[in-house]
Amino acid sequence: MKTLVSISTLNRLALCICFLSAISIAQTEEPITINMSADRWQTKENAEFLREAGFYHGLMRLNGDAVLKEITFSDGTIEFASHAQPIQVPISPERFDTGTSNARFSAAAPQFGEFLGRQAVYLPSGLLTVKDANFRDGTVEVDVASKPGALFIGIAFRIESEANLEMIYMRPSVSDTIEAVQYTPRLNGDAIWQLLNTNHEKASAHIPGNQWIHIKLVVEGRTCTLFMNENNVPTLTVTNLRRGDSEGGIGLWSLGGGGYFSNLSYNPLPDRKPLPDLPPFQRAGLLSAWELSPAFDASDVDASTYPASISEWEKVHAEDPGFVLVNRYRTSPAMFPMPSREEMQKGRTKGAKVVFARTQISSVNGGEEVLKIGYSDDIVVYLNRKPIFSGKNALSYRSDDSFGTFGLNDETHIHLNPGNNELLVAVTEYNGGWAFECDLSPVRSE
């Protein structure tokens with residue numbers, strides 16, 4: 001919502017804007033935005049210039065505690081975008097699309113009623129979206145209470161579909177550990193939680209059971225900040241929302257027993273121009289430019305044999321922190337439940353998916369290098385059409401409690417020929433994140 005303000009009103013706020021009279025504004029031009037920073041304003045009385053998430057041009061606070069945001073001049077009129085009131089979402093069936101609740105995880109439907117003295121909805125598992133909510137930037141707030149023994153409970157936002165959304169969730173069973181709060185997107189059918197393991201994607205928090213916890217998300221561009229229980233210190237700050245500068249719906253999400261939700265509201269900020277795409281990620285030694293094949297069912301191709309008949313290849317690039325995120329380009333199998341360790345050992349598991357990716361390594365004189373490798377879930381590596389490495393890193397494969405966490409966990413020595421060398425990988429996915437990464441470094445002399 002925008003509010004028009006006259007010059008006299010601004011005078012009463014003790015702002016001196018006479019220096020702006022020299023600005024020439026054509027009626028057909030775009031409005032000129034003036035940042036709320038000390039170098040752009042003169043004031044007759046004390047003023048404080050602030051930065052706050054969601055206010056792209058800053059904030060000015062006068063001694064009278066007045067706050068202005070995003071002032072623009074257009075056609076001789078001064079205007080600024082004012083705070084809109086949060087949109088309260090009544091916790092009742094008619095305000096939600098109950099058809100989005102994911103029945104494959106639980107046959108139980110959302111249950112609307114009372115819990116701990118307030119109107120609430122119990123969501124055992126699945127996604128419950130708010131009707132007619134469209135959201136890019138702004139805030140989302142809700143109270144949550146986990147059920148004893150429950151596994152996951154959280155908020156989904158910028159929902160395009162069940163297959164593509166952003167999500168921050170809590171894990172009550174690992175309260176007070178770095179696994180307690182996590183961020184993950186769902187890309188092309190699956191959450192990529194195995195791949196995101198920094199303190200910008202995970203955080204410790206205390207999550208008591210059968211008690212209301214207040215959650216506030218502040219979303220701006222590619223950043224999302226989580227605040228809990230009215231604490232001004234963020235619990236988690238996500239600096240790279242993997243779906244980029246997207247927009248979409250808002251929803252409640254849970255899995256494995258879930259919990260209760262109450263007092264849901266959201267406050268979208270005014271629309272703005274989309275942010276530009278991020279450039280391809282570069283780092284010394286990183287092999288960043290690749291070509292990617294279509295995805296094949298793992299039972300139809302043999303990843304242990306060099307593929308000689310693929311005719312379609314798509315150019316793809318590595319992204320921060322260095323992996324090629326296959327989920328971004330191909331639909332995940334999202335197998336549930338996971339195949340057994342014995343099935344994965346045999347390979348060619350029906351329902352799993354495999355892609356091939358290739359790149360060129362140029363070497364003037366040839367010689368020895370160390371190839372560091374990260375992958376999820378299985379990989380076979382070929383250099384100049386010969387297999388040089390294979391490994392498995394799926395959920396519960398290396399041990400019963402292994403999460404299949406992504407990282408540059410393996411390496412092998414390779415010999416490069418003078419000129420161009422082809423490196424090709426076959427990467428198999430079951431669920432939890434589909435990616436690979438290859439880094440080259442010199443062989444250390446003893």
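Helices (H or I, at least four residues) and strands (E, at least two) are DSSP runs, numbered from the N terminus. The model is predicted: local features need pLDDT of at least 70, side-chain atom pairs count only at pLDDT 80 or more, and totals for chains, interfaces and linings use all residues. Residues are numbered from 1 along each chain as its sequence is written, and side-chain values use heavy atoms, with hydrogens and water left out.

**Stop 1: a loop residue**

Select Glu 230, in the loop between β22 (223-228) and β23. Its phi is near 65°, a positive value in a residue other than glycine. Glu 230 has 62% relative accessibility and counts as exposed (buried means under 20% relative accessible area, exposed over 50%, partly exposed in between, with a 1.4 Å probe and protein chains only).

Next select Asn 188, in the loop between β18 and β19. Asn 188 also is not a glycine and has a positive phi, of about 50°. With a relative accessible area of 23%, Asn 188 is partly exposed.

**Stop 2: the largest pocket**

A pocket is defined on a 1 Å grid over the protein atoms alone, where a 1.4 Å probe fits: it is an open set of points with protein on both sides within 12 Å along at least five of seven lines, and lining residues have an atom within 4 Å of a point. Grid points are joined across faces, edges and corners, and a volume is the space filled by probe spheres set on the points.

The largest pocket holds about 700 Å³ of space. Select Phe 152, Trp 193, Leu 255, Phe 336 and Asn 431, which are the closest to its centre of the 32 residues that line it. Two or more lining residues come from each of β17 (164-170), β18 (181-187), β19 (190-191) and β24 (249-255). β18 gives the largest share, three residues. The lining divides into 16 nonpolar, 10 polar and six charged residues (Ala, Val, Leu, Ile, Met, Phe, Trp, Tyr, Cys and Pro count as nonpolar, Asp, Glu, Lys and Arg as charged, and the others, Gly among them, as polar).

**Stop 3: rings**

Rings of Phe, Tyr and Trp (its six-membered ring) pair if their centres lie within 6.5 Å; planes under 30 degrees apart count as stacked, over 60 as edge-to-face and the rest as tilted. There are 13 aromatic pairs by this rule. Select Phe 152 and Trp 253: their ring centres are 6.1 Å apart and their planes are at 55°, so the pair is tilted. Phe 152 is in strand β16 (residues 152-161) and Trp 253 in strand β24, so the pair ties together parts that are 101 residues apart in sequence. Phe 152, at 18% relative accessibility, counts as buried, as does Trp 253 at 9%.

Now select Phe 115, Tyr 122, Trp 212 and Tyr 260, a cluster linked by ring pairs. Then select Arg 358, which lies over the face of Trp 313 at 4.0 Å from the ring centre.

**Stop 4: two cis peptide bonds**

Select Phe 336 again, together with Pro 337: the peptide bond from Phe 336 to Pro 337 is cis, with omega near 0°. Pro 337 is in the loop between β29 (324-325) and α2 (341-346). Ser 376 and Asp 377 are also joined by a cis peptide bond, with omega about 10°. Asp 377 lies in the loop between β31 (367-376) and β32 (378-383).

Technical notes
Lys NZ or Arg CZ within 6 Å of the ring centre and 35° of its normal.
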